[in-house]
Amino acid sequence: MKTKKSGVLFKSALSLIPGGVNSPVRAFKSVGGTPLFMKRAKGAVVEDVDGNQLLDYVLSWGPMILGHAPPSVLKAITGAIKQGTSFGAPCEGEVELAKLIVQSVPSMEQVRLVNSGTEAVMSAIRLARGYAKRDAILKFEGCYHGHADHLLVKAGSGVATLGIPDSPGVPESFARQTLTAPYNNFKATEKLIHKHAQNLAAIIVEPVAGNMGVVLPHEEFLPWLRMITKKYEILLIFDEVITGFRVHLGGAQARFNVQPDLTCLGKIIGGGLPIGAYGGKKEIMQMVAPAGPVYQAGTLSGNPVAVAAGIETIRQLKKPGVYKELEQKSQQLAEGLGDAAKKSGIPYFQTRVGSMLGGFFTEGPVTDYESAKKSDTARYAKFFHRMLERGTYFAPSQFEAAFLSTTHTRSQIRQTISAACDVFASL
Ligand SMILES: *Cc1c(COP(=O)(O)O)cnc(C)c1O
């Protein structure tokens, strides 16, 4: 495949931008080769600057659940832009998006809009600490919660891909306030809670882990976390930046019927524009300024263009049958990939919740970061490049999810499966 123009652009980017990219995983470090510079996208297909048309299972890392450039969302965005792009004052759209979020996500009674998932999690943690009047938090190894200082501890994907265990620049005194336990590990978690209960403000978890590849919560894990955090009066925070409006209209908390105290959102709720949100019980949210003393603010927060994109995206997702169809098509893809792997005899452990798919090159089972890391990443790199040559764009890292959109057709999925059959046989 032609990559000449991407190569030229990357070279010039390397001289101007650290590593040539504005977010590390885009650099193809873990699979090798030159990152593709994208030019345009429509539906399930992205086109790069060299004219390669690729069936896209990255979907901007999750937000594009309606596919790229959905007409009704474009219309909402252009309509909003014509009215002005930022006021720094309240606007009608903010209230509408807040209403859609509160109506959809079971545990959210109030919500504050911010500009990214990172900001949402950062603010939710501050709020949890302010509310609980305690400093420590507990996170799970391999879960990524954005790049705020106290969360860059055993943080999965980008960090895992690059092999940076913890980032320089994060003060040890911050990191010390972050306890980590293996995902799905009841015993280690309970031990830490027991030992630190007096100082533990919150436990934060990806209810389906999506940043060490896709790792499913043990059937009892989320209900148990709810039970034990209640018992010790520790807040439970679900980071649903990926899973929100992805695995269910109401997020993982609706799918698994477990209600956290606070929820973080991002990605899908901005319909492809920058956004984030955090919210939860009114009693807790009333602590946020100006209602309460926990400070948090943003010049562009509740941006009228971003909220217009989010509102229209959620309206489309609320139409009957959307999630059912996504589920069926995702199942079709997962089964096809699984069969292709089986025929080739290559160890391949699959995971899936709704339209969020994982596939590890290992016997499995993959239940936490340790077992995820057993995956043969060199083999994944080959898989990635050979699929790319066949016009299919999976994530350039073993430790990222594959996503489906409503625009992926059954015939496109069949093409992917057929390509995967060739590729698995060649591995
Ligand atoms: C993407 C992601 C974030 C960070 O969101 P940004 O918008 O990239 O800052 C946080 N948590 C999870 C689970 C994510 O997948």
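Residue E141 has P182 as its bridge partner in strand β6. That pair belongs to an open sheet of seven strands, ordered β4-β10-β9-β8-β7-β5-β6 with mixed pairing. An open sheet of three strands is also present, in the order β11-β12-β14, and its pairing is antiparallel.

This is a predicted model, in which local features need pLDDT of at least 70 and side-chain atom pairs count only at pLDDT 80 or more, while totals for chains, interfaces and linings use all residues. Residues are numbered from 1 along each chain as its sequence is written, and side-chain values use heavy atoms, with hydrogens and water left out.

**Terms for strands and helices**

- Helices (H or I, at least four residues) and strands (E, at least two) are DSSP runs, numbered from the N terminus.
- Two strands are said to pair if DSSP finds at least two bridges between them.
- Strands of a sheet pair through backbone hydrogen bonds, either parallel or antiparallel.

- Strand β5 (residues 136-141) is joined to strand β7 (residues 200-205) by three bridges in the parallel sense, and L138 has I203 as its bridge partner in β7.
- Strands β5 and β6 also run parallel, and five bridges join them.
- Six of the six residues of β5 are buried, where buried means under 20% relative accessible area, exposed means over 50%, and partly exposed lies in between (1.4 Å probe, protein chains only).

- Helix α8 (residues 221-231) has the buried residues F221, L222, W224, L225, R226, I228 and T229.
- These buried residues of α8 pack against β5, α7, β7 and β8 (235-239).
- Just after α8, residue E233 takes a positive phi of about 55°.

**The ligand and its surroundings**

- The residues surrounding the ligand are S116, G117, T118, Y144, H145, G146, E206, N211, D239, V241, I242 and K267; a residue is near a molecule if one of its heavy atoms lies within 4 Å of it.
- A polar backbone atom of G117 is 2.8 Å from an oxygen atom of the ligand.
- The ligand exposes 380 Å² when taken alone, and the protein buries 83% of that; accessible areas come from the Shrake-Rupley method with a 1.4 Å probe, and for residues only the protein chains shown count as cover.

**Residue T243**

- T243 is placed in the loop between β8 and α9 (251-255), and T243 is buried at a relative accessible area of 1%.
- The side chains of T243 and E240 make a polar contact of 2.7 Å; such a contact is a pair of N or O atoms within 3.5 Å, where within protein one must be able to donate a hydrogen and the other to accept it, and residues adjacent in sequence count only if both atoms are side-chain atoms.
- With neighbours within four places in sequence left aside, T243 is in contact with P207, V208, H248, G251, A252 and M356.

- Strands β11 (349-353) and β14 (402-403) are the edge strands, each pairing on one side only.
- Five bridges connect β11 and strand β12 (residues 356-360) in the antiparallel sense, and R352 has L357 as its bridge partner in β12.
- Helix α12 lies across β11 and β12 and runs at about 180° to β11.
- K329 lies in α12 (residues 322-344) and counts as buried at 4% relative accessibility.
- Not counting residues up to four places away in sequence, K329 touches L404, S405, T406, H408, R410 and I413.
- K343 is also found in α12, but K343 is exposed, with a relative accessible area of 69%.
- The C-alpha atoms of K343 and P63 are separated by 33 Å, and the two residues are 280 residues apart along the chain.

Key. Contact means heavy atoms within 4.5 Å. Axes are lines fitted to C-alpha atoms, for helices over the stretch in contact, and angles run from 0 to 180 degrees between N-to-C directions.
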